[in-house]
Each structure stands twice: as C-alpha cells, then as structure tokens.
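Dear colleague,

I am passing on to you the structure shown below. My notes on what was found in it follow directly after.

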Amino acid sequence: MMSEEQIKNLEAQFEARIARDEKIEPKDWMPEKYRKTHIRQMSQHAHSEIVGMLPEGNWITRAPSLRRKVALLAKVQDEAGHGLYLYSATETLGISREEMYEQLHTGKAKYSSIFNYPTITWADMGAIGWLVDGAAIINQVPLCNTSYGPYARAMIRVCKEESFHQRQGFEIMMKLANGTPEQKDMAQDALNRWWWPSLMMLGPTDAESIHTEQSMKWKLKRKSNDDLRQQFIDQTVPQAELIGLTIPDPDLKWNDEKGCYDFGEIDWDEFWQVVKGHGPMNKERMKARVGAWEEGEWVRDAAMAYAEKKQARKQKQAI
Amino acid sequence: MKNENLYNYILGIADNSLILGQRLGELTGHGPSLETDIACTNISLDLFGQVRSYFQYATKIAGDDRTEDDIAMLRKEREYKNVLLVEQPNTNFAYTMARQFLFDVYHLAFLAELQKSTDLTLSAIANKCIKEVSYHERFSSDWIKRLGDGTEESKAKMQEAIDGLWTYTDELFHQTEADKAMVAEGIGVDVTKLKDAYYARVSEILEESTLETPESKWFQKGGKEGIHTEHLGYLLAELQYMQRAYPNMEW
C-alpha cells in the first residue's frame, strides 16, 4: 500500500507529464479518476459509433442509386470500424468489451443523443453526414492531442474518415438542393429537423456542464461546449447559404462586433428529455442493440466452443 | 438491341450479386458481433461494386440512354434473373451464412471460368471479382465449420439452414437460352460443368463441419427465368422505393 503522500507525489508527477504534453500509456500509473473518466468518455464514444450505425443503416436497402448505396454501406462500415478500435482503446484501461456492452444495454452508459432521432427521408443521410459528422469532427479534432495515447491515436484515424463522411453528406445535400423542387424541399426539411439537435450535440451550455474543468486539465477537452457550438455554427451557416438552404433559426444573424453569428435559444428541455431516454427513438435504438446482442448469443457461443475444440485437437496432436 | 444475349447474360450474372448484396445490407448494424457485422457489410459492399461493373458494361451493350440504376432499380419483378437461393431471407445467422456459403462455392468456381471468357471486359471483371469472392468463400465456409462444429444448438440451426436451402442449389447449374448462346460463342461459362465439383466441395466442408449433406433430390427452379419466390417482391419494393417514388431524378 502506498501512503497518501506517495500517491500525492505520483499525482503531481502525472499532472506535470500531461502539462508537458507527454502521452499517458496503458501501463503507466494513473489516478483512478483519470481511468474512470476515460472509460466513461471513450466507451460513450464507442457506443455512439455503434448506435449511430442504426439511423443510417435504416436507408441502406433504400438508397436511391447504386453509387449512393455503396457509399452509405462504406460509411456505416467505417462507423463499425471506429467502434471497434475505440472499444479496443478503452479495453486498455482494464474494462472488457462485454462489460461495456452491458453498461450500454442497461442504460448505465450513454451514447450521443442525436441518434435518438428518426431518419425518415433520404435527405436525412445528407443531413447526418453534413451536420452530425460536422459537429462530431469539431468535438473530436482536439482529441487527436488528448493526453491518453491510445485514445489520441484512435482519434487521428477516426477524424480522417469523419471528414470524408462530412464531405460526402454535404455532397448529398448539394445534389438535392440543386435538384427538382421536390428534392430541394426534402433537403430543407431535413435541415429543419437536424439543425437544432446538431447544436445540442455539442453538449449542454457551459454553466450546466459538470465535467468540463477536470477534462480541460487532462486535455480530454480543449474548448468549452459553447465555444465548440459557436465554431460549428460559424462554419455551417455559409455552407447552407452556398447551396441555397435556410437555417431554421429566425434569430440567426451575423454579429460584426463579435465576428461571429448570434443565434436563437436552444430548447434545452428537449435536449434533457432525449438524454434521459425519452426521445423519439431511444427505446427502438436500445431494442435493436439489445436484440442483436441477444439473438447473436448462440453464434458467439458456437464460435467460442469451436475455437476451444480446435485448440484441444491441436494440443492432442502435439502430444 | 444488337446483342441481346450478351446483355441478358450479364444481367443474369449481376442480378445474383445485386440481390445477395441487398439481403446482406439489411443486416448492417444488427450482426451477432461487431466483427461479423463489419464482414457482412464488407461482402455486401464487394457485391454491389461488382454489380456496378457488370451493369455499366450492360449499359454499353444496350447502347441507349439507360443507366446502371435503371437496370438495377427499374425492372419489373419478372425481369430479374437471379437464382432463387440469393433472394431467401435472413431467417437467422445460420441461414445467412448457409446461403452465403452455398452461393460462394458456386460463385468462385464460376468466376474462375469467366476469367477465360473471350469477352475481355467480362474476363477483366471476373479477374477483379475473384479476389473478393475467394475471401467471401473462406469467410462463409469458416462459419459453416464454427456453427456446425460449435454447440448442439448451433449445429441444429446450421443443419436446418443447409437442409432448408438445399432445394435451391440445383438451379445454379441450369442454363438459360442466353447462357447457351454465350457458351457457344466462347463468352459464357458452361455452368453444367461446374456441378460435380460444386457438390464435392460443399460435401467436403459439410463433413468437416460434422454436418450431414442433404440427400433430397427435390429442387426448385425458376429464378433465372424470372419466376421467383414470394420473398423477392418485398426486397424489390425497398430496393426500388426511391426510384419509383421520385422518378427521373438524380441523386
């Protein structure tokens, strides 16, 4: 057992390493709180990738052209890949993938609330790529320099693919916006439905955010939620203008003095309703995840049994 | 159309990949594990890639203004030429893998022959596809072994799937009029010659998986002539939805 003083000493060294921009690796000593916070955030991130496959997977069989179908399949497959390496990175902190699934399935772990909205038209595939992946990138780019090595390295790869997805989503929207009146309406409708949830995706307003200060110190967060949101709005408004779509916010206005956009009030009641499990699709998303897991149990058991038999046969041969 | 036989022949090949790819696409996000989910999506992706190569070639043969999407999404049910096997539903993971395996063994042997086609485009497509399909065949036969020689439950499920789908295997070796014409020209593959090796290979894997090779000689046919099972109509309803609801638009 270490004395309290020894621990304090280790903690001071640890914080100093982070301040020097050194990476923390799985075998390094770390404060328990650091480990827990990272498990929470990284697994939440992994879960978001996996649950995020569902709203887009919903349109794979109905994609309007072969080209779009192939791109959508590839995109959803990338998300599964992101989930895979984020789960692996989280496992380095001493939690198994099964435990993480258990936390997701029982509602103990969260995932990004945006995936609790339904994808009801093809244009939603454009809006998700453009807005949701756009907001995700803004959240994630700073994480490429976060203090925990495995997370930082995973994020570098994730961000490269996400920015490709975002361009792809914007291109879907552009095509619709330049298409027939019916297509343009479809695009505008999708923007209307996804705009506010995308702003909410960047997290509660700074006054309400409980994790920010500690996370800033550990470089799990480099900018506040409100700053990230402003960055997202300032980046996205001109893109909407470029393709002739209207941001559904009557209060949106360029503020010359501040050099950024002013925007309307976010409906935080809606945000908390969805976070607490009562959004339009929370129950369906969980049902799909839990269903896939439970229906797959016999398959995983069989794979395990087969691997054991094969191993036993090998050993027998060796004798 | 000047070369209707070649056109129909290409569609006959491509429709198998199209319909199987569509079936696999239904499963994305719902697989028994993340790894199998990724693999099945990947196979779907390969198959749709193949479909695009074939249909793009078919549009050139047709020589009018039809596009690859017109061919994929705007035909009537009776005009799809895929075998009945590939349109069968994802009843459970055993069915999905059994369907894949029973098709992959055929597909691999077929492409090996198509590489020798005197039609240079088809031979080039086959050359590209065979690399993908040999991976598909390895993946699906591994799963036949895992499920066949896994637990009691998985063995029962896998045997049921093999038994259930067996009736659709014989059709793989039927020749259409377009097939016969293309074989005569040295372009097409004589599928009747693939049959013995196919059943030998399938039996070998089934045996290794501790599964029984079905003895039933009652087979279904008709897909190649556009007479499908009731499952296809629903699959097409999804596949064609956007093109039907919003005709003549670009996406």
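**Salt bridges**

In this predicted model, Glu137(B) is buried, its relative accessible area being 8%. The side chain of Glu137(B) forms a salt bridge with that of Arg201(B), with an N to O distance of 3.1 Å. Glu137(B) belongs to helix H6 of chain B and Arg201(B) to helix H9 (residues 195-208) of chain B, so the pair ties together parts that lie 64 residues apart in sequence. Arg201(B), at 27% relative accessibility, is partly exposed.

Across all chains, the structure holds 33 salt bridges.

One of the salt bridges joins Lys309(A) to Asp149(B), at 3.1 Å from N to O. This pair crosses between chains: Lys309(A) is in helix H12 (residues 297-318) of chain A, while Asp149(B) is in the loop between helix H6 (120-148) and helix H7 (152-166) of chain B. On the chain A side, Lys309(A) is partly exposed, at 33% relative accessibility. On the chain B side, Asp149(B) is buried, at 9%.

A further salt bridge connects Glu22(A) with Arg20(A), whose closest N and O atoms are 2.9 Å apart. Here Glu22(A) is partly exposed, with a relative accessible area of 29%, and Arg20(A) is exposed, at 54% relative accessibility.

**Aromatic pairs**

The count of aromatic pairs over all chains comes to 24. Tyr34(A) and Tyr148(A) form an edge-to-face pair, at 6.4 Å centre to centre and with 75 degrees between the planes. Tyr34(A) is in helix H2 (residues 32-57) of chain A and Tyr148(A) is in the loop between helix H5 (123-140) and helix H6 (149-177) of chain A, so this pair ties together parts 114 residues apart in sequence. Tyr34(A) and Tyr148(A) are buried.

Tyr34(A) also pairs with Trp218(A): the ring centres are 5.0 Å apart and the planes stand at 75 degrees, so the pair is edge-to-face. Because Tyr34(A) lies in helix H2 of chain A and Trp218(A) in the loop between helix H8 (212-217) and helix H9 (225-242) of chain A, the pair ties together parts 184 residues apart in sequence. The relative accessible area of Tyr34(A) is 0%, and that of Trp218(A), which is likewise buried, is 2%.

In chain B, ring pairs link Phe103(B), Tyr106(B), Phe110(B), Trp166(B), Phe173(B), Tyr198(B) and Tyr199(B) into a cluster.

**The largest nonpolar core**

The largest nonpolar core has 174 residues, and the members that touch the most others are Trp122(A), Leu18(B), Tyr54(B), Phe110(B), Leu114(B) and Met158(B). Helix H2 (residues 34-62) of chain B supplies the largest share of this core, with 15 residues. From chain A, domain 1 (17-268) and domain 2 (280-318) each contribute at least three residues.

Leaving aside residues up to four places away in sequence, Tyr54(B) touches Ile10(B), Ile13(B), Ala14(B), Leu111(B), Leu114(B), Leu122(B), Ile125(B) and Cys129(B).

**Cysteines**

A search of the whole structure finds 0 disulfides over all chains. The cysteine sulfur closest to that of Cys159(A) is in Cys144(A), at 3.9 Å, which is too far for a bond, since a disulfide requires the sulfur atoms to be within 2.5 Å. Cys159(A) is buried, at a relative accessible area of 9%.

For Cys40(B), the closest cysteine sulfur is in Cys129(B), 19 Å away and again too far for a bond. Cys40(B) is buried, with a relative accessible area of 5%.

**Backbone**

Most residues other than glycine have a negative phi. The place of Lys219(A) is in the loop between H8 and H9 of chain A, and Lys219(A) is buried, at a relative accessible area of 10%.

With kind regards

How values were computed
Residues numbered from 1 in each chain as written. Chains lettered and ligands numbered in written order. Predicted model: local features only at pLDDT ≥ 70, side-chain atom pairs only at ≥ 80, totals over all residues. Heavy atoms only, no water. Core = buried A, V, L, I, M, F, W, Y, C linked by side-chain atoms within 4.5 Å. Buried < 20%, exposed > 50% of the residue type's maximum accessible area, 1.4 Å probe, protein only. Helix = DSSP H or I, 4+ residues; strand = E, 2+ residues; numbered from the N terminus. Domains from an automatic or database assignment. Contact = heavy atoms within 4.5 Å. Salt bridge = Lys/Arg side-chain N within 4 Å of Asp/Glu carboxyl O. Phe/Tyr/Trp six-rings, centres within 6.5 Å; stacked < 30°, edge-to-face > 60°.
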